[in-house]
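Subject: Structure handover

Hello,

Here is the structure I promised to pass on. Please open it alongside this email. My notes follow below it.

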Amino acid sequence: MKKIIAFKKILVLLICLASLISASACGKQQVNEGRLDELVVDLPDNFFIGFDASEVKSVDSAKVYKAVSLEFDADEVAKKLLKREIVSTKVYAQGPWFETGDNELKEYLTVYDGGKSFGVDSGVVGGLTYSMDVNGESLSAKLSKLISNEPGPPDSIAQEWGYNLKSDYASFADLSFMSYKDALAEVKKLLCDTLGFPELEVAEAYSMDLETMLEHYELYLESWSHFGGDKEEITLTKDDECYVFFFRQVIDDIPVINVIWQGGRLANSAAGDSDSAIRIAAGNPMPCTSISVCYDRNGVRDIRAHGLYKIVESREDKPLVSAAKALQVVIDDYSEILLASETIVESMELYYVGIPSADGYQLIPAWVFCIAKANKWSSPADGRVTPVYSYEYYVVDAITGEKLSS
């Protein structure tokens, strides 16, 4: 029953979004541009605008930047980040690896260098992975059964089973061991002041309280009861409460895109597969910048960061197409398609996206639309047929007004 409740929350959310601007009998929608207030359009059948247009932030112009991957000195990162004495070091294709400590407190660190130290081109650069196990327990292993470790909309697991659904947890709420504000300050101090990360902002944040964690664990167990096989049992206490932060890099108050967008389809990776986004990005010509951190009563327990940029050249300001014109590009494109199922434009935001060049990246401003498409999934338990939404990103060059995604 709890799984059904969790899934209904998604349905209610999507219905509410779609009803913000509903289609009339003749197919007309007034989009309030900001605010999008001069755009009146004919929408194709089964196509809906599901975001609050008044909340879309716009700027008149923005710069194009030349950038390279931000490279970290592995030894310096180890010196500043690791709390215990190093007991083992290795070099892998992704970069140098460090291990510290004992069964009471053990740390693992990998600094991504693109394969330079290994003598290969791994394609994974501009970040690091850090984890700290306390008394032999990995927090990230527990969280894999309780919350998705990817930013963005819910994957198919969250929609079908609910156990890794992020939106069940409160955002910005205080936990008993430390306030949200103080935890965030500690994390940003470590990332930016100590380790040298560029300017960051919080994209998503979740306060994982024990009650909701236990509810999600029950959903996890229930999901396994349908499929059979071995499931990993865990014990949860108040000491497991933690904050989960998803950050994004910021340039001139415009965020750098932090989700996989090239190819359109959002990968529905298994919850807890912490390197899935890295593996996808390594083979993806249009990378994203992603930073996630878990923080509990012991401090920072887990860092996953990749694709950070270092600006090497600033170019002139360019005028940007309006939000209304960018949205019109999307609507015109979808008007050429016969949509068999409900399609919702769930969000619209101005980002910087990285376009690979011969000696680095061009960072250009782009309008990014998250689009949900309804599919069908039948429960093997009771035969219910419920919609599962797949997500893709439609990206419009904010300077030229042309579509970038494919």
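Start at N135, which sits in the loop between β8 and α3 (139-143). This is a predicted model, so keep that in mind throughout. N135 is not a glycine, yet its phi is positive, about 55°. Most residues other than glycine have a negative phi. The residue is exposed, with a relative accessible area of 57%.

N46 is a second case. Its phi is also positive, about 70°, and it is not a glycine either. Look for N46 in the loop between β2 (36-42) and β3 (47-49). N46 is partly exposed, at 32% relative accessible area.

**Overall picture**

The protein chain has 406 residues, and 53% of them are buried. It holds eight helices and 17 strands. Take the contacts with a separation of 6 or more: 70% of them join residues 24 or more positions apart.

**Confidence**

The average pLDDT for the chain is 84. A score of at least 70 is reached by 82% of the residues. Two stretches need care. Over residues 1-34, pLDDT stays under 50. The model still has 77 contacts beyond four places in sequence for that stretch. Residues 264-284 also stay under 50. They come with 47 contacts beyond four places in sequence. Where pLDDT is low, the predicted coordinates should not be read in detail.

**Helix α2**

Which residues of α2 are buried? In this helix, residues 74-81, they are A74, V77, A78 and L81. They span an arc of only 100° around the axis, so they lie on the same side of α2. An α-helix has 3.6 residues a turn, so residues three or four places apart point the same way. D75 and K79 are exposed, and they sit on the face turned away from the buried side.

What does the buried side of α2 pack against? Its partners are β5 (86-91), β6 (96-101), β7 (105-113), β8 (125-134), α5 (180-194) and β13 (299-306). At the start of the helix, check D73. One of its side-chain oxygens comes to within 3.1 Å of the backbone nitrogen of D75.

**Aromatic residues**

The count of aromatic pairs comes to 18. One of them is Y92 with W97, an edge-to-face pair. Their centres are 6.1 Å apart, with 75° between the planes. Y92 is partly exposed, at 40% relative accessible area. W97 is buried, at 14% relative accessibility.

F172 and Y180 make another pair. Their ring centres are 5.4 Å apart and their planes are at 75°, so this pair is edge-to-face too. Here F172 is exposed, at 51% relative accessibility. Y180 is buried, at 10%. Both belong to one aromatic cluster, together with F177, Y243, F245, F247 and Y295.

There is also a charge over a ring. K166 lies over the face of F246, at 5.2 Å from the ring centre.

D296 lies in strand β12, residues 290-296. Is D296 buried or exposed? It counts as buried, at 2% relative accessibility. Its side chain makes a polar contact of 2.7 Å with the side chain of R301. Beyond four places in sequence, D296 is in contact with L139, F177, D239, E241, C242 and R301. F177 is also a member of the aromatic cluster.

**V244 and V293**

V244 is in strand β10, residues 242-251. It is buried, with a relative accessible area of 3%. How far apart are V244 and V293 in sequence and in space? They are 49 residues apart in sequence, but 5.8 Å apart in space, C-alpha to C-alpha. V293 is among the residues that V244 touches beyond four places in sequence.

Best wishes

Key:
Residues numbered from 1 in each chain as written. Predicted model: local features only at pLDDT ≥ 70, side-chain atom pairs only at ≥ 80, totals over all residues. Heavy atoms only, no water. Buried < 20%, exposed > 50% of the residue type's maximum accessible area, 1.4 Å probe, protein only. Helix = DSSP H or I, 4+ residues; strand = E, 2+ residues; numbered from the N terminus. Arc of directions from axis to C-beta. Contact = heavy atoms within 4.5 Å. Polar contact = N/O pair within 3.5 Å; in protein donor to acceptor, adjacent residues only side chain to side chain. pLDDT = per-residue confidence, 0-100. Phe/Tyr/Trp six-rings, centres within 6.5 Å; stacked < 30°, edge-to-face > 60°. Lys NZ or Arg CZ within 6 Å of the ring centre and 35° of its normal.
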